[in-house]
Each structure stands twice: as structure tokens, then as C-alpha cells.
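Here are a few exercises to work through with the model open in your viewer. Try each task before you read its solution.

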Amino acid sequence: MAPSNLPESTTPAEVPAPYGSGPGTGAQTPPAAGRKPASRIRIHHLQQAKDNGERFAMLTAYEQYTAEIFDQAGIEVLLVGDSASNNVFGNETSLPVTVDELLPLTRAVSRAAKRALVIADLPFGSYEVSPGQAVATGVRFLKEGLAHAVKIEGTAYYAETVKAMVQAGIPVMAHIGFTPQSEHSLGGYRVQGRGDDAQRLVDDALALQDAGAFSVLMEMVPAETAAAIDAALRVPTVGIGAGKETTGQVLVWQDMAGLRGGKMAKFVKQYADLRTTLSDAAAAYGEDVRSGQFPGPEHSF
């Protein structure tokens, strides 16, 4: 989706920050011909997409360059996911990653993205103890990580947690279906919401929406169940392995761009083969160095 495709706000136009906007807010790069100047995506823009039958794209990002590239490509939402555990820190699951590890990644993405809405995952162990713990962690991601919103995994059990966070001024995206932080209790990577279990997910989604979640993400949910949940909700939905009827779609960028090797999940579509591109570039560089071709005269002072 091009950056101008989200619906125009029906609310009053956003005005410049009344107390200043910090450094680096002077001259901006002019927009490309035929495109509107960049403006920040807000949660109400996602709601308008839902209301108007539009869709938005979401990708993970963990550092400044991918955040800048995806932002300029028109991706509306960037997720600093706890999937950094697997895709940045080399863990087998999302469970080991910590708040202190995710905060600097979130800060880098937030600084680089000039238009996209930046959402940070609350990692395992940082919100489950109590609503108070969740509020404290969410505050850290907005204050220290500069995120615009956070995402938490969980069922209707976490409705009070979501309510407390929203009342504290923390926008919350809820995550239902397969929740990677609960992989051990779920018995591994298993599709959720089949058959009679579908109603449970509908009930979870409604409870989290009513608690104040601005969006509900569904992972590894049958398309029919996801469509029923989307129809039941007034807030936008996001899917990953949840069919095509959601308002938004999200993928891990290393999967989408073909950087990660190995078998891909069924729901992944690869749009590039960066692993081969980088491997070929590294091999060519190594050969040039070993053969004495690099650096050449043009690379020397």
C-alpha cells in the first residue's frame, strides 16, 4: 500500500507539537512527485482503515536501516517484536529476550521511522505478574524505547491488564491465537481456534477489545475463525497465518525478505532472496581481499 492510501482522518488535523519536537525536525526531504508529504500514522488511522474496508501492512524491524527502508517504502506499522530473540540474539525461542535487550532496539526503530506507527512487544515475564507490572513495563517502552504502542500476548484473562495499561495512556495491541510466549503450555507450534475452540478465540478477542485494545493480532488461526473474529470486532485485526480477511497483515522481515535460511512457515511469502545476495557479496569480497584486488588504487588515499 502506498503511503497515501490510508484514509484521511475525519478528526481535526494534527497540529505541530506545542512544546517543540526536539532536534532534527527542520527541513524534510520533499515527497516524491504525486505523493503526499509524510505524516505520522496513528492508531485512529488504523481504525479508519477498518471502518473503510482498507488494509495496512506491518513488518518487524529491529534496527535503524530496515526501519528507515520499510518506513520509506510505505509500511504503515513496524513491530519491534520479541521475535528479536530468535532473529537478532540467536535464541531458539522468544522466551529468553528481556526488556533491557528490546529497549535499545525499539529506540533505534522509533528514531529511524518518521511515518510508521512503532509497536513494541512486551517480552515474557514483563507483564504477567500484575496489571501494575504491565503498566510499569509499558511506560518504559514509551519513555525509554520511544514506542508509540505496545503489544501483549494473552487471553481474556489479561483484559484487566489491558484496561489498566490503556487507562495509564499506553495504547495496547492484543495478540491471541498461537502465542509464542506460551508455546510450552500450548504444546508447541500448533494452530489455535479449530472447530469448537473457535468460540474461545472470539470471546478472547471481544474481551480484549472491550478492555481497550486498539487492535487484535491473530497468529496461526484458521482463516474461517479469523474472519469470524474480524467480523465480530469493531477494532482492526492483524493476521499472521490467519487468512486474508484481517485489516492488516504482519510478517517477520527476515522471513519476508529471504534472509533467514531453513524451512519457512506455511504463512510466509518470500519477496526476495537476501541470504543469497549477501552470501554472494561476502564471497566476492573475500576473494578480492585474498587475491589483492581490493583495495585498489581508487580505494586508497
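This is a predicted model: local features need pLDDT of at least 70, side-chain atom pairs count only at pLDDT 80 or more; totals for chains, interfaces and linings use all residues.

Residues are numbered from 1 along each chain as its sequence is written, and side-chain values use heavy atoms, with hydrogens and water left out.

**Exercise 1.** Work out how many helices and strands the protein has, and what share of its residues is buried.

Solution. 
- Step 1: run DSSP and number the runs from the N terminus, taking helices as H or I of at least four residues and strands as E of at least two. You get 11 helices and eight strands.
- Step 2: call a residue buried under 20% relative accessible area, exposed over 50% and partly exposed in between (1.4 Å probe, protein chains only). Of the 301 residues, 45% come out buried.

**Exercise 2.** Find out which residues of α9 are buried, and where they sit around the axis.

Solution. 
- Step 1: go through α9, residues 223-232; Thr225, Ala226, Ile229 and Asp230 are buried.
- Step 2: check the directions from the helix axis to the C-beta atoms. These four lie on the same side of α9 because their arc is only 135°.
- Step 3: recall that an α-helix has 3.6 residues a turn, so residues three or four places apart point the same way.
- Step 4: look for the cover, using contacts (heavy atoms within 4.5 Å). It includes α1, β5, α8, β6 and β7.

**Exercise 3.** Describe the surroundings of Thr93.

Solution. 
- Step 1: locate Thr93 in the loop between α3 (84-87) and α4 (99-112).
- Step 2: with 16% relative accessibility, Thr93 is buried.
- Step 3: skip neighbours within four places in sequence, and Thr93 touches Ser85, Asn86 and Glu183.
- Step 4: compare C-alpha positions; Thr93 and Pro180 are 87 residues apart along the chain, with 7.8 Å between those atoms.
- Step 5: a polar atom of the Thr93 side chain sits 3.2 Å from the backbone nitrogen of Leu95.

**Exercise 4.** Say whether Tyr285 is buried or exposed.

Solution. 
- Step 1: find Tyr285 in helix α11, residues 274-291.
- Step 2: Tyr285 has a relative accessible area of 52%, so Tyr285 is exposed.

Key
A polar contact is a pair of N or O atoms within 3.5 Å; within protein, one must be able to donate a hydrogen and the other to accept it, and residues adjacent in sequence count only if both atoms are side-chain atoms.
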